[in-house]
Amino acid sequence: MHANVIPLQATDRPRIEAHLLRLSAADRSLRFAAGVVPDDMVRRYVASIDFGRQVLLGYVSLRGELFGFAHGCPFVHAGRPYLEVAFSVDAAWRGHGLARRLMDAMLGHAAAHGGITVIGRCATRNRAMRRVFEHGGLALQRDEDEFEARRELACAA
Ligand SMILES: CC(C)(COP(=O)(O)OP(=O)(O)OC[C@H]1O[C@@H](n2cnc3c(N)ncnc32)[C@H](O)[C@@H]1OP(=O)(O)O)[C@@H](O)C(=O)NCCC(=O)NCCS
């Protein structure tokens with residue numbers, strides 16, 4: 001299916017909020033690695049996005065709806081840079097490789113900076129997300145009922 005991954009701006013905040021609020025209770029739980037995720041928590045999360053520092057990528061339909069979203073949060077741990085990534089795709093658009101392509105775009109962004117480790121987490125039962133991590137070449141390590149995924153990207157030449 002044809003859809004372009006685009007970088008998202010602060011003006012896309014309402015679209016991101018609408019997309020995340022459309023996720024079912026079970027999907028919110030997987031996306032935010034939490035039990036119950038009420039609307040207020042989603043709204044606070046979206047309000048806290050730092051568009052100047054974080055990596056925001058997605059797909060916007062002709063109707064102006066965001067139907068796939070990737071969020072990369074940079075942080076430093078023990079002097080080493082990391083990018084923690086998380087993904088979501090509207091239920092109606094799943095199974096078309098959209099998350100795989102968001103992962104590719106996120107890795108492309110991180111590789112352009114280089115010397116960074118991309119990490120992510122998903123529930124062990126989340127087979128689709130596990131496949132997306134594997135597609136991106138992230139190594140999976142089990143941590144109780146979650147997988148931690150990571151891939152260190154070489155320094156940019
Ligand atoms: C996880 C999620 C982002 C995947 O989105 P998607 O666009 O459907 O994923 P893709 O189409 O790129 O498929 C990726 C892989 O998962 C597989 N897959 C998709 N749905 C699956 C399912 N229900 N069970 C097993 N595998 C599945 C696909 O076959 C594909 O594998 P392949 O590369 O071997 O063919 C989407 O299901 C989602 O938004 N889930 C709720 C939020 C969430 O769990 N986020 C992850 C936390 S970071």
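Ala78 lies in the loop between strands E3 and E4, where helices (H or I, at least four residues) and strands (E, at least two) are DSSP runs numbered from the N terminus. The model is a predicted one, in which local features need pLDDT of at least 70 and side-chain atom pairs count only at pLDDT 80 or more, while totals for chains, interfaces and linings use all residues. Residues are numbered from 1 along each chain as its sequence is written.

With 5 C-beta neighbours inside 10 Å, Ala78 counts as exposed; a residue is buried if 20 or more other C-beta atoms, placed from the backbone, lie within 10 Å of its own, exposed if 12 or fewer, and partly exposed in between. The phi of Ala78 is near 50°, a positive value in a residue other than glycine. Most residues other than glycine have a negative phi. A second case is Glu144, which lies in the loop between E6 and E7 and is likewise not a glycine, yet has a positive phi of about 55°. Glu144 has 6 C-beta neighbours inside 10 Å and therefore counts as exposed.

An open sheet is formed by 7 strands in the order E1-E2-E3-E4-E5-E7-E6, with mixed pairing; two strands are taken to pair if DSSP finds at least two bridges between them. Strand E1 (6-7) and E6 are the edge strands, each pairing on one side only.

| Strands | Sense and bridges | Partner residues |
|---|---|---|
| E3 and E4 | antiparallel, 10 bridges | Gly68 and Val89 |
| E5 and E7 | antiparallel, 7 bridges | Ala123 and Glu146 |

The hairpin of E2 and E3 has 5 residues between the strands, and Gly64 in its turn has a positive phi of about 90°. E3 and E4 also form a hairpin, with 2 residues between them, and its turn holds Ala78. Helix H4 lies across strand E2 (55-60), strand E3 (66-77), E4 and E5, and runs at about 160° to E4; axes here are lines fitted to C-alpha atoms, for helices over the stretch in contact, and angles run from 0 to 180 degrees between N-to-C directions.

**Helix H1**

In helix H1 (residues 13-22), the buried residues are Ile16, His19 and Leu20. These cover an arc of only 95° around the axis, which puts them on the same side of H1, the arc being that of the directions from the helix axis to the C-beta atoms. The face turned away from this buried side carries the exposed residues Pro14 and Leu21. The buried residues pack against helix H3 (39-47), E3 and E4, two residues being in contact if their C-beta atoms, placed from the backbone, lie within 7 Å.

Arg15, also in helix H1, is partly exposed, with 19 other C-beta atoms within 10 Å. Leaving aside residues up to four places away in sequence, Arg15 touches Val60, Glu65 and Leu66. From Gln54, by contrast, Arg15 is 39 residues apart in sequence and 17 Å apart in space, C-alpha to C-alpha.

Met129, Val132 and Phe133 are buried in helix H5 (residues 127-135). Seen down the axis of H5, its buried residues fall within an arc of 100°, so they line one face of the helix. They pack against strand E4 (80-89), helix H4 (98-113), strand E5 (117-123), strand E6 (139-143) and strand E7 (146-152).

The ligand is surrounded by 23 residues, of which the closest are Leu30, Arg94, Ala99, Ala128 and Arg131; a residue belongs to this shell if its C-beta atom, placed from the backbone, lies within 6 Å of the molecule. Helix H2 (25-32), E4, H4, E5 and H5 are the elements that give two or more residues to the shell, and the largest share, 6 residues, comes from H5. By class, the shell has 10 nonpolar, 7 polar and 6 charged residues, where Ala, Val, Leu, Ile, Met, Phe, Trp, Tyr, Cys and Pro count as nonpolar, Asp, Glu, Lys and Arg as charged, and the others, Gly among them, as polar.

Ala128, one of the closest residues to the ligand, lies in H5 and is partly exposed, with 14 other C-beta atoms within 10 Å. Ala128 and Gly95 are 33 residues apart in sequence, and 8.7 Å apart in space, C-alpha to C-alpha.
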